[in-house]
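Please look over the sequence and the model below before reading on.

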Amino acid sequence: MIRPNQSLTWREAIQVYTAIASVCLGIGIAYALHGFWTVLPFAGLEILVLGAAFYLCLTRSQIREVVSVNASVVTVEKGRQTPEERWECPRAWARISLQQPHIAWYPSRLAIAFQGRQVELGAFLNEEERRALAAELQQVIHRNDWQEASRARDNPAP
């Protein structure tokens, strides 16, 4: 399973948001009581924008990518709580591609490709993690002992 780093849980994010919103609203009310009423709508707008930013960050950090490899098929499932997208290809024909960007500061792209179709993996990972994942997938997908392991499982020794 591949997932982005999530430094805050929903509960912790709500607590941080509530603390920031309380301080911001408190300052806005204090200025409003001193006659600066124009500060209050901007404080409210700031609270709304901050809430939207927290919500977007937390929902995007719940993305999961599950890569399953067995003797015959490579399966990639993407989604939040349940798989929203599913992609399969024969293991023998799967290619791992780590495409380097044309511009130096852009991130590379990791994908599993088959017959001109591809699915990108780990867009939220940093370069080091993406390279490590590419190497691990390459090793797992191109293992030669899949048939031997399935034969041994089907015909156990007495």
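Which residues does Ile-96 touch, not counting residues up to four places away in sequence? In this predicted model, where local features need pLDDT of at least 70, side-chain atom pairs count only at pLDDT 80 or more, and totals for chains, interfaces and linings use all residues, the contacts of Ile-96 are Leu-110, Ala-111, Ile-112, Ala-134, Leu-137, Gln-138 and Ile-141, contact meaning heavy atoms within 4.5 Å. Residues are numbered from 1 along each chain as its sequence is written, and side-chain values use heavy atoms, with hydrogens and water left out.

Ile-96 is also, with Trp-87, Cys-89, Leu-110 and Ile-112, among the residues that touch the most other members of the largest nonpolar core, which has 17 residues. Such a core is a set of buried Ala, Val, Leu, Ile, Met, Phe, Trp, Tyr and Cys residues joined through side-chain atoms within 4.5 Å, where buried means under 20% relative accessible area, exposed over 50%, and partly exposed in between (1.4 Å probe, protein chains only). At least two core residues each come from strands E2 (73-79), E3 (83-90), E5 (109-114) and E6 (117-121) and from helix H3 (127-141); helices (H or I, at least four residues) and strands (E, at least two) are DSSP runs, numbered from the N terminus. H3 gives the largest share, four residues.

E5 and E6 run antiparallel and are joined by five bridges, strands being paired if DSSP finds at least two bridges between them. Within this pairing, Ala-111 stands opposite Glu-120 in E6. The two strands form a hairpin with two residues between them, and Gln-115 in the turn has a positive phi of about 50 degrees.

Elsewhere, Phe-36 lies in the loop between H1 and helix H2 (39-60), and Phe-36 counts as partly exposed because its relative accessibility is 48%.
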